[in-house]
Amino acid sequence: MVDILLQQIANGLSVGMGYALVALGLTLIFGVLHVINFSHGETFMLGGLLTLIATTTLGLPYLAALPLAGLGGAVLGWGVNRIAVRPLLARRDGGADVLLATFAVSILIHQAVVMLWGPAPARIDGVPGTFELGPVVLTGQRLFVLAAGLALLVALEWMLRRTRFGVELRAVAQSQFAARVVGIDVDRVNGATFGIAAVVAALGGALLSPVILYSSSMGQVVIIKAFVVVVIGGMGSVSGAVACGLLVGLLEAVLGLVAGEGVATAVIYSLLLAMLLIRPQGLTGKRAR
Amino acid sequence: MTSSPFILGLGAVLAVALGFLVDQPYFASVVAYGLVLGIFSLGLGLTLGRMGYVTFGHAAFFGLGAYAVALVCVASGWSYWLVLPLSLVPGIALGVLVGFVSARLGGAYFAIATLTTAEILRLVAANWIELTRGPMGILVPVGPLPWQEALGWNPAQAYLSLLIAVAAVVLALVHNLNRSPLGRAWVAVREAPDLAESLGIPTVRARVWNVALSGAVAGLAGALVLPKIFVVTPDLFGVANSATGLLAAILGGKASLLGPLLGGLVFAVLPEALRFVDAARLAIFAVILLVVVRLLPGGIVSLMPARLRPRNRAPRPDGSAPALFAAASTAATLLEVRGLRKSFAGVTATQDVSFSVRRGELVGLIGPNGAGKTTCFSQLSGFLAPDAGEIVFDGASVLGQAPHRIAARGMVRTFQHAALARNLTVYENVLTATHLALPESVLASALRLPGLRRREAARAQLALACLAALDLGARADEMAQDLPYGEQKLLAIAMALAARPRLLLLDEPAAGLNQVEAARLAEVLRGLQHAGLTMVVVDHNLKMMMAICDRIVVLHHGALIAAGTPAEVREHPEVVQAYLGEAGA
C-alpha cells in the first residue's frame, strides 16, 4: 500500500507540475493586467495538439516539438491579447468584458480544433525509458516533466528578479499609473506578460500531453483546475500558484487512488468553494479591505 | 413604463391565442424551447444585468432544477406538472450558497465559482449512479396538461401556452423586483458598494438575494425543459448550456428587461433556421458573443436612442412634507467616543481620541492633512475596525457593527469623493438612498403588493423633500454625472439625508468648491442645524468651519490636541503651532 501511495505521489507531482505551469500564467496575467484570461486553458491544449502534429504528421522527435509548441503559444497569446484583451482594458467594465471576450475565444479555439482535427484523444510518445527510485517507477516522460518544469520556473524567477523587463513587470503589477509616470511602456509590458504566460502554458501542454493523453477538451478541464490552484494559492501570487499546483496534482492522484477519478475531481473543485468561503484571499494572499 | 398587469394581461392573451394558432407541433416546440431559454436568461440577466456579475456556470441552477423535479417525480410517482413548482427551491438554496461564497468578492470570482459549481454537479450526476443512473439519465414521464384535452390541443400546443404564461409571470416579477428598493439596491451595490453600505443598504444580503432569485428562475427554466427532452442527463450542467444562457442575455442586452427573453428566442430559432451549420453552432455563438462584447456592449437594446429608454422620473410633490430626519432620542449626548486608537503597520492614524457630540450640535473636526480625520470617520461609521476604544451612539455601543447597521441606527456618513451612481438621474440616486426609510420585504417587492405602492409613494416624497432641502429640486431629472461638481457634493448630502440620519458625518463637503458654492453649502448646513439635525463636519475650509460650528475638535498626528468653541480653539497655542509650525522659534 505504501508503495502504491509513493508511486501516486510521484505521479501526482509530475501532473501537478503541469497544473503549476498553467496556473502560473493565469496568476501572472491577473497580477499584472488585473484580468482573467479564460482562454488560457486552450493555449495549454494547443501546446498538446502542436506536439501531436509535430510528432505524428511531421515525424519530428518529441524534443523538437517543444519549441514549436512554445512558438504556437506565443502566436496564440499575441492574437488573444490583440482581439480580446487590449481593446477592452480601458473600459469601465473592462474586467468583465475581458472575461466574456476570452470566454468566447476559448469556445472558438476549442470548436475550431474539434472541427478541423476531430475530438478523438490521441497518444503522444514522449521521452522513453523508465527510472526506478526504490519502490517508485517513473517514466522518462514524467521525470522530464518535473525537470523541464523546474527549469522553466527557475528561468521565470530569474527573469522576474534579475532582468530589466522583470523589474518593469513588477512595477506595472504594483501600479500601472506609477509605472506610466516613470516612463514604462505599460502596453508593451502587458503584451509581453501575456506572451510569456501563453508560452509557458503551451509548453505545459506539450510536456503533459504524453502523460495524460492529448484530447481536444484537455484545455477545458485544466482551466478549472488552474482556477482552483490560483484561488487556493492566492490570486496574483506566483509562488502560491507553483506550490498549490503541485499540491493539487498530488491530492488528485492520492484521492483518485482511494475514491476514484470522478470523486477526486469533484473534491478538488469543491476545495475552491471552500477556500472562497474560509479564506478568500488564498493561502499566501494578503487580506484585502 | 410598462406595468406588470400589462405584461400579465398580454401574456394571458398570447398564451391562449398562440396556443390555438400554432398547432404545428414542430413550430410550437421550437418557440417553447426559445421561451425556456428566454426564462433561463431572464434569471441569468438578474445577476449579469443588475449586479454586473459574469457567470459561466448558470447551468448549475438549470440542471439542478431539472434533476430535482425528475428525482421527486420518479421517487413519488406524482405528476410532473404538480412537482414543477418545487424546482424553485434548489435554485434558491444553491443561489444562497454560491452567492454567499463568491458574490462578496466581486465579478471574476463569481464567474469561477459558478463554473466550478456546475462542473461539480455534473461530476456528481455522472458518478452517483444509484441516485441519478449516471450518464444514462433519468426518464421523466410527462402526462398531458389538464386543459389540453378540453381544448382539443396537442401536447406541444399546451406546452407552448403554459410557457408563454410562465414567461409572462417571470417577466412581471423581474420587472417588479427591478424597480423595488431591492432592485435599486442591486444597482447601487454594483456602482458604488461603499456608498450603498453607508446609506444603510446591506450589500452582502442584497447580493445573496440577487443570486438566489436568479438561481430560482434558472432552476425553474431547467425543470420546464423536461417535456421537451424527457431524459435528464449530466450534460444539462455542461458549459454549452451555460454559454447559451449567457449569450442570450448579452445579445439581447443584459441591462434591459425584455432583452434576455428576446435573446433566448433568437438562440432557439437560429440553430433551427441554420440547420446546415449545426456542427458550427457553438462557434457561431462565440463569434457573436465576441462581436457583441467588442462593438455593442449594451446589446441590441442599446441601439435604441437614450431618450427612449425608461427613466424613473421624479413625481410632483403631494404636499405631504415628510419629516426629513428621524427624531433624535432624548439623550443629551448623542455620540460618545472614548480612546479611539488605530494604527496601520506601525503608523498611528488615531491615537486615543475622545470627544462627544451633544444633541443638536454642529461639531467641526479639523486638523492638518494626515491628522486622522477621515480615519476617525471610517471607524465611527464601521468601515474600519478600531484597535481599541469605545464608540457609543445614542446610548448603545456600535463597535464592531457593519456600516449598514450603524447607518440604520442613525449615524450616516458621506465620502470625500462624491461617489454616485453616475448613470442614474439625481432623483433616482436619492430614491435609492431612501432604502432605510421604510423597510420592504422581498415578497412585497416581487409581487408589488398595495402596501409597497403606498410606501413607494412615501419614499418618492421623501426623496423630493431631500432634494428640496438642498435646493436641487429643479435638477431632479438630470443625470447625476452631468451636475456641476458643487451640486454633486450637495447631492451626496441629499442622499445621506434620505437615509434619515440622526447624526450626519460629513467628510470634506466643501473640498473643491468655489466661494459661491461654499457659501451655499454653509447656508445649507446652517439650515439643517436649525431644523434640528446633529452633525459632525470634517473640512479644511477653516473660515466656513469657524463660522458655522458650535464646537471644534482639533486632531494632529492622530491625537486630539484641542476642543472647544471656535474662538477658544483659534487661540489655543498647540493648534496655532500645528497649523503654522513653531512660531517665532
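A polar contact is a pair of N or O atoms within 3.5 Å; within protein, one atom must be able to donate a hydrogen and the other to accept it, and residues adjacent in sequence count only if both atoms are side-chain atoms. This is a predicted model, in which local features need pLDDT of at least 70, side-chain atom pairs count only at pLDDT 80 or more, and totals for chains, interfaces and linings use all residues. Residues are numbered from 1 along each chain as its sequence is written, chains are lettered from A and ligands numbered from 1 in the order in which they are written, and side-chain values use heavy atoms, with hydrogens and water left out.

**Figure 1. The interface of chain B and chain A.** Between chain B and chain A, 3 residue pairs are in polar contact, both residues being at pLDDT 80 or more. On the side of chain B that touches chain A, α5 (88–102), α6 (107–127), α14 (239–252) and α16 (281–295) each supply at least two residues; helices (H or I, at least four residues) and strands (E, at least two) are DSSP runs, numbered from the N terminus. The largest share of this side, 12 residues, comes from α6(B). Sorted by class, the side has 28 nonpolar, 4 polar and 7 charged residues. Here Ala, Val, Leu, Ile, Met, Phe, Trp, Tyr, Cys and Pro count as nonpolar, Asp, Glu, Lys and Arg as charged, and the others, Gly among them, as polar.

**Figure 2. Contact and buried area between the two chains.** In all, 39 residues of chain B are in contact (heavy atoms within 4.5 Å) with 36 residues of chain A. The two chains bury about 3,500 Å² between them, 78% of it on carbon and sulfur atoms. Buried area is the accessible area (1.4 Å probe) that two parts lose on being put together, summed over both. Across this interface the rule finds 0 salt bridges, a salt bridge being a side-chain nitrogen of Lys or Arg within 4 Å of a carboxyl oxygen of Asp or Glu.

Figure 3. B:Asn210 is in helix α12 (residues 203–224) of chain B. With a relative accessible area of 0%, B:Asn210 is buried; buried means under 20% relative accessible area, exposed over 50%, and partly exposed in between (1.4 Å probe, protein chains only). Apart from neighbours within four places in sequence, B:Asn210 is in contact with B:Leu46, B:Thr47, B:Arg50, B:Met51 and B:Trp186. Of the 585 residues of chain B, 55% count as buried.

**Figure 4. Two arginines of chain B with positive phi.** B:Arg448 lies in the loop between α20 (442–447) and α21 (450–469), and its phi is near 50 degrees, a positive value in a residue other than glycine. B:Arg448 counts as buried, at 15% relative accessibility. B:Arg500 is in the loop between α22 (485–498) and β9 (503–507). Its phi is positive, about 55 degrees, although B:Arg500 is not a glycine. B:Arg500 is partly exposed, with a relative accessible area of 27%.

**Figure 5. A:Ala65 in chain A.** Helix α3 (residues 62–85) of chain A holds A:Ala65, which is buried at a relative accessible area of 0%. Leaving aside neighbours within four places in sequence, A:Ala65 is in contact with A:Thr51, A:Ala54 and A:Thr55. A:Ala65 and A:Ile53 are 12 residues apart in sequence and 8.6 Å apart in space, C-alpha to C-alpha.
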